[in-house]
Amino acid sequence: MLITCQMGRLRNDLALPDRLDLLGSPLDDYFRQGSQVDRAAPAIDLRFDTSRQDHSLLPSGEPTTTQSLNAQLELLTGVDRRERGPVSTIGVIFADFHELNVHGHDDRPIFGAMFDVGFAPAHPNIVDSERFWGQPRNGCAVFLKAIAEHRKGEAFDREVLFTTIHELGHVFNLWHLPGTKSFMSSADSFGSNGPPPEEKEYFRFLNGQDPAHQTPFLSRCGDSDFVTPGGSKYGKRGPDGPPGDSAELPLSRARSTSTSETVRLKIDPSKRDFWHFEPIELDIKVSAKKKGSVARIPDAIDPAYESFAIFIDQPDGTRVRYRPTRYLCPHGQMLRIKHGRPFRRDITIFGQSGGYTFNMPGEHTIQAQLRVSKNQTAFSNTVRIVVRPPSRKSGQFRKLEHILTSQDCAINLFYRAAPRDARKRRCLVEAYRNLAGTYGGAYMKYSLAHSLAKLAHVAQRRARAGLISQARELLKACAQSDHLGEIRRRKSLEIDVAIQP
Ligand SMILES: [Zn+2]
């Protein structure tokens with residue numbers, strides 16, 4: 001299948017790789033070889049095209065976020081994401097830093113990311129919100145400045161192209177193969193110089209009898225929607241995937257594993273009784289079990305990583321895994337958790353890839369799982385939540401629904417990315433004022449504060465002071481808000497300190 005791969009850049013000061021050539025072979029050769037079984041013709045014929053490289057330029061002053069990358073990807077490929085089904089054009093965006101690295105996690109370098117279907121609120125009359133972001137797996141991003149901080153000279157060039165092939169592998173729905181030597185072995189198997197050039201085995205897709213090997217899977221590109229970009233959502237591989245593999249399976253069943261002896265995982269939703277469009281956070285606490293101990297676990301407590309999963313039992317008895325809007329690759333950094341000093345964070349769960357998470361009114365249970373080592377998993381407590389049915393007779397319901405499901409509000413609550421347009425930002429201010437004193441109003445204020453802080457980070461000097469003072473005012477109010485809970489009150493104080501001019 002002929003697939004055009006548009007390559008673009010996100011910012012003016014970034015350059016595409018000079019040569020699309022890794023260890024003496026053009027990148028497309030690796031895909032041709034990797035998708036060829038026996039004497040059949042290769043299933044993937046990738047044509048790299050740089051003629052639209054500036055279509056993906058982000059206006060200066062706009063931060064790199066999952067949402068902005070998604071939007072620029074659409075401009076780069078020229079493919080309308082509302083159209084469904086397999087595509088023959090995909091994109092790679094060369095960007096600066098992943099948003100997680102800009103905002104305080106610099107010790108956890110993220111070199112690449114792959115996009116699945118994004119989040120957008122459904123129009124009340126359209127049940128399936130996927131019409132907003134209909135296509136999974138149509139592109140990826142490579143973070144050049146993050147790579148430059150960790151790899152120099154030739155190691156930089158090699159890592160950029162290796163990461164490009166690895167992320168494109170995910171676009172074709174490939175899974176990680178930890179502990180093997182291939183493009184899909186994860187970054188945590190390399191030393192500080194990245195994939196070693198003298199070991200050629202790293203620079204290939206595995207093709208052998210082992211059912212986990214990936215060339216037979218890639219060879220189905222064009223025939224199978226589980227492989228072809230734009231087809232099934234990431235991780236849904238159906239009968240074409242390796243046996244026992246499923247992105248939907250609890251980690252305990254995905255591989256034999258026992259309960260973690262070192263850490264305890266606790267979850268607590270920010271509200272236990274809510275309408276599906278209310279901004280719900282899941283507070284996560286990971287603590288070391290043994291007195292005086294220090295637990296070391298992968299620094300990957302986020303649904304974007306394979307090793308962390310949130311399972312939801314729905315009222316109709318089905319169990320689903322929470323679907324992130326982006327996938328991140330393991331990076332090998334570890335978290336050290338001292339006994340008595342737990343790790344805490346919150347995760348936004350009201351929305352997910354494709355739309356709202358809790359579409360069915362009624363009782364749900366939620367449990368999180370964190371794979372802490374090859375054969376140990378931490379299982380959290382199980383919490384019960386109730387999703388209220390719509391009550392259209394209630395004035396409060398109608399007001400909340402009207403405001404919180406509007407595209408700008410919902411997207412700000414989920415992605416914490418403020419519109420660049422100051423007029424639209426004023427609408428968000430008006431909206432939270434309208435909801436003053438309520439749970440929804442408090443979270444709107446909190447996300448707006450976050451997103452203004454992000455904007456201030458990249459804003460031109462003239463605009464920065466205004467954004468910072470607006471963010472600080474909101475953060476001060478958030479630090480006092482009873483609706484927000486301890487984690488977010490503390491975070492508000494931390495962000496406030498971080499953005500001091
Ligand atoms: Zn990966």
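Domain bounds here come from an automatic or database domain assignment. By that assignment the chain splits into domain 1 (2-246), domain 2 (254-387) and domain 3 (395-498). The model is predicted: local features need pLDDT of at least 70, side-chain atom pairs count only at pLDDT 80 or more, and totals for chains, interfaces and linings use all residues. Residue numbers start from 1 along each chain as its sequence is written.

Select residues 153-171 to begin. This is helix H5; helices (H or I, at least four residues) and strands (E, at least two) are DSSP runs, numbered from the N terminus. Just after H5, pick asparagine 173, where phi is positive at about 70°.

Next, select strands S9 (residues 263-269) and S11 (residues 281-288), which run antiparallel and are joined by seven bridges. Strands count as paired if DSSP finds at least two bridges between them. Lysine 266 sits opposite lysine 285 of S11.

Finish with domains 2 and 3, whose C-alpha centres lie 25 Å apart. Eleven residues of domain 2 are in contact with 13 residues of domain 3, contact meaning C-beta atoms, placed from the backbone, within 7 Å. On the domain 2 side, S17 supplies the largest share, three residues.

Note on methods: Expected span 1.5 Å × (residues − 1). Contact = placed C-beta atoms within 7 Å.
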